[in-house]
Every structure is written in C-alpha cells, then in structure tokens.
Amino acid sequence: MTARNTSTSERLLVAVLKSLEDDKGEDIVQINLRGKSEIGDYMVIASGRSTRQVTAMAEKLADRIKQEFGIISKTEGKDTGDWVLIDTGDIIVHIFRPEVREFYQLEKMWQPGTAAAV
C-alpha cells in the first residue's frame, strides 16, 4: 500500500467516525483490517437506537463521503434499517440496531482484542 492510499484511508476513517458521532451513533468501534483481510483497511461498527436513525445515519454518511471525497459508496440494507452496510472501498461501515448487533456480534469475528472503542 502506498503512503498516499494510507493517508486517504486515514482521512476517510476520521470523516466516517466524525459523521457517526455527529449523528449520535452509539458504541462506535473501529477495527484495523490491515494484514487481516483484503476487503478494506478498516471496519467501523456503530449502533443506532431505531431503524429510522440507522437509515438516516447511513444516508448522511454516504452523502458526506460523496461530497468530501468524491466516493460513491455501495450501500445495502437501507430498506429494512436493521443493519446497513456501507462499503467505501477502504472502509466497511456497519450500522446496526442494538438487538441486531448483539445477535451477530460482528466484533468478535474480527478478534475482540483488536477492536478499539471510539
């Protein structure tokens, strides 16, 4: 990975975390995927209190990434709002309702010792 790509993914990570915090996301966790997976550099997991909040957070995040970085994110799950996945290329973002997040326990799949709470 080049220094430029690293810099871009770091800036993108900061923007993703800020967007989620601004929209009152809860229990935000970032997981460094470098050296563990080719799917991206980071995974970010957050919760919203309701399907409406989960959907709104996902829409705002995708829009902010498009406006600030010119990246059109792939999004899945917005129709139901239980679990929305946003793929920016470098960062994979999962936004869950708390009950759904607890059921899937995605953080545990990526070695709980590597997750860092924000």
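Accessible areas here come from the Shrake-Rupley method with a 1.4 Å probe. On that basis, the accessible surface of the protein chain in this predicted model comes to about 6,700 Å², and 50% of this area belongs to carbon and sulfur atoms.

The overall values for the protein chain are gathered below.

| Property of the protein chain | Value |
|---|---|
| Accessible surface | about 6,700 Å² |
| Share of the surface from carbon and sulfur atoms | 50% |
| Buried share of the 118 residues | 42% |
| Share of contacts with a separation of 6 or more that join residues 24 or more positions apart | 59% |

The secondary structure comprises four helices and six strands, and these elements follow one another along the sequence in the pattern α-β-β-α-β-β-β-α-α-β.

Helix α2, which covers residues 51-69, has 19 residues and reaches 27 Å from its first C-alpha to its last, close to the 27 Å expected at 1.5 Å a residue. Its buried residues are Gln 53, Val 54, Thr 55, Met 57, Ala 58, Leu 61, Ala 62, Ile 65 and Phe 69. In an α-helix there are 3.6 residues a turn, so residues three or four places apart point the same way. Just after α2, Gly 70 takes a positive phi of about 70°.

Asp 23 lies in the loop between α1 (3-22) and β1 (26-32). Because its relative accessibility is 12%, and buried means under 20%, Asp 23 counts as buried. Leaving aside residues up to four places away in sequence, Asp 23 touches Gln 53, Met 57, Lys 60 and Arg 64; of these partners, Gln 53 and Met 57 are themselves among the buried residues of α2.

Key:
Residues numbered from 1 in each chain as written. Predicted model: local features only at pLDDT ≥ 70, side-chain atom pairs only at ≥ 80, totals over all residues. Heavy atoms only, no water. Helix = DSSP H or I, 4+ residues; strand = E, 2+ residues; numbered from the N terminus. Buried < 20%, exposed > 50% of the residue type's maximum accessible area, 1.4 Å probe, protein only. Contact = heavy atoms within 4.5 Å. Expected span 1.5 Å × (residues − 1).
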